[in-house]
Amino acid sequence: MPKITYIEHNGTEHVVEAQVGVSVMEAAVKNMVPGIDADCGGACACATCHVYVDPAWLDKTGKAEPMEESMLDFAYQPKENSRLSCQITVRAELDGLIVRLPEFQG
Amino acid sequence: MTEQAVIIGAGQAGAQGAQSLRAAGFSGRIVMLGAEPAPPYQRPPLSKAYLQGTLAAERLALKPHAFYAQNGIDLRLGVRARRIDRSAQRVETESGDAVAYDRLLMATGAPPRRLNCPGAELPGVHYLRTIADCEALRPVLAKASRLVIVGAGYIGLEVAASARKAGCAVTVLETQARVLQRVAGPEISAFLDARHRAEGVDLRLGARLSGFEGRGRIERAILAAGEIIDCDAALVGVGAAPEIALAVEAGLAIDNGVATDDQARTSDPAIWAAGDCASHPSRLYGRRLRLESVANAIEQAKVAGANMAGGDVTYDAVPWFWSDQYDIKLQTAGLAEGADAAVVRGDPALARFSVWSLRSGRVLAVDAVNDPASFLAAKKIIAAKTPIDAKSLADPATDLKSLAS
């Protein structure tokens with residue numbers, strides 16, 4: 001299973017084995033990684049699953065669709081490499097993915 | 001005695017309450033009683049992806065299996081509470097057990113309102129609230145049956161969309177003059193009405209159901225005006241009623257659900273309530289509200305959990321809701337009741353627009369269709385009670401982000 005590393009704002013690292021086909025958000029929630037709230041359960045309705053994708057992984061994770069982009073505008077401290085993790089689907093090619101979590105969600 | 005919190009209800013609010021109680025530093029035991037056999041799960045997919053068969057069952061769970069044991073939460077499923085003995089501070093279950101508490105959270109939810117008409121008990125008449133309900137309804141869609149849906153609220157419309165996707169012949173019966181009348185404005189109703197009809201839904205507004213008929217199972221729906229609609233099954237979505245039987249019997253204050261203050265506390269200082277079953281005073285809207293939404297369940301339970309651990313948190317979030325029908329994402333922030341003006345931004349014909357409900361120059365609510373930016377901006381504007389110039393809002397050149405900051 002692909003491994004994803006979530007780095008909390010305080011630097012704590014969590015390496016989880018993620019199932020192919022679930023979202024990066026779900027993999028975090030399933031593995032009790034703190035810092036991803038996912039209030040709407042992945043319905044792209046709340047922007048509380050916001051993550052910063054490590055620059056080395058921007059190509060492989062791809063770009064956000066326009067709707068996600070407009071939601072990211074309202075996330076806490078959005079940056080160029082911001083994504084809503086409920087919109088990134090885990091694939092084999094994402095093995096080793098690193099994402100950082102913002103200080104706050106929503 | 002050892003500190004022991006009991007939570008009645010293992011749904012969205014119950015699970016959040018347990019999590020927040022633990023996160024606030026509560027080190028006592030937490031016992032959760034859930035009537036359903038499944039651990040806490042998300043209900044929204046039951047009218048959408050899970051009904052359509054495109055979401056695996058294990059993805060419904062709100063928390064991973066290990067969460068409960070890891071957080072010292074004794075999750076007892078298939079256990080229904082029968083009575084709360086407030087003087088002895090214990091909950092009696094239907095199987096005769098007694099669970100002591102020094103703090104109690106009621107998160108019993110709101111089961112669907114049942115129809116009372118002739119034929120309402122016929123096999124083939126479905127409701128939708130639980131995983132079991134959904135699994136009973138799924139074969140109806142798989143057979144591309146003729147489905148009559150009673151009620152054009154969120155549940156009715158979402159199931160209509162799922163059923164059309166599955167190839168069912170769908171008739172929706174609604175007593176009101178427009179769809180989603182209770183929760184949305186005329187522009188949103190008109191937009192959804194048009195889409196459902198374009199997708200082949202036989203939508204009947206102002207239609208009253210007289211009853212169902214059939215030999216051994218439902219075969220037709222009879223309208224009050226006399227028309228007969230042949231069908232293979234019916235799905236009833238006519239609202240939900242708060243589950244308050246335990247609270248009533250225990251003598252707790254009731255007011256459109258279990259009455260709580262703005263800190264989620266009931267009339268008993270050792271008992272809190274959160275989610276679909278509870279009402280609270282809204283500072284934002286100046287009236288008592290009972291909200292049936294995931295967001296309310298989460299936010300109110302966060303407050304309850306924190307306060308059950310000795311906190312002093314007030315519940316003050318902007319209500320919000322969402323509904324997915326076909327490829328339409330409807331997001332609603334706030335409550336529009338009492339609006340004196342409505343401003344439409346964007347173009348309904350392009351299926352991307354928002355309707356802003358104002359009162360005295362302030363935003364009460366926004367319905368956003370495929371426009372999450374407006375939805376998120378609105379949440380901020382509503383919370384801040386920012387005075388808004390309607391002309392400026394209506395001008396497409398106005399940048400919402402600047403209005404929201």
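A: To begin with a definition, two strands are said to pair if DSSP finds at least two bridges between them. In this predicted model, strand β1 (residues 4–8) of chain B and strand β7 (residues 103–106) of chain B are joined by 4 bridges, and the two strands run parallel. One of the residues involved is Val6(B), whose bridge partner in β7(B) is Leu104(B). In general, the strands of a sheet pair through backbone hydrogen bonds, in either a parallel or an antiparallel manner.

The pair β1 and β7 belongs to an open sheet of 5 strands in chain B. Read across the sheet, the order is β3-β2-β1-β7-β17, and the pairing is parallel. At the edges stand β3 (73–77) and β17 (271–273) of chain B, each of which pairs on one side only. From one strand to the next, the twist averages 15°.

A helix accompanies these strands. Helix α1 (residues 12–23) of chain B lies across β1, β2 (29–34), β3 and β7 of chain B. Relative to β2(B), helix α1 runs at about 175°.

The sheet may now be placed within its chain. Chain B has 11 helices and 24 strands. Its C-alpha trace spans about 65 × 60 × 35 Å along the principal axes. The radius of gyration of chain B is 22 Å, which agrees with the value near 22 Å for a compact globule because the chain has 405 residues. Buried residues account for 49% of those 405 residues. Among contacts in chain B between residues at least 6 apart in sequence, 62% join residues at least 24 apart.

Another helix of chain B, α8, also deserves attention. α8(B) has 15 residues and reaches 21 Å from its first C-alpha to its last, close to the 21 Å expected at 1.5 Å a residue. This helix is mostly covered, with 15 of its 15 residues buried. Just after α8(B) comes Gly310(B), which takes a positive phi of about 100°.

Finally, chain B meets chain A: 16 residues of chain B are in contact with 16 residues of chain A. On the side of chain B that touches chain A, the elements that give two or more residues are α8 (294–308), β20 (320–325) and α9 (372–384) of chain B. The largest share, 4 residues, comes from α9(B). By class, this side of chain B has 11 nonpolar, 2 polar and 3 charged residues.

Notes
Residues numbered from 1 in each chain as written. Chains lettered and ligands numbered in written order. Predicted model: local features only at pLDDT ≥ 70, side-chain atom pairs only at ≥ 80, totals over all residues. Contact = placed C-beta atoms within 7 Å. Nonpolar A, V, L, I, M, F, W, Y, C, P; charged D, E, K, R; others polar. Rg over C-alpha atoms; globule rule 2.2 N^0.38 Å. Buried ≥ 20, exposed ≤ 12 C-beta atoms within 10 Å, placed from the backbone. Expected span 1.5 Å × (residues − 1). Axes fitted to C-alpha atoms, helices over the stretch in contact; angles between N-to-C directions.
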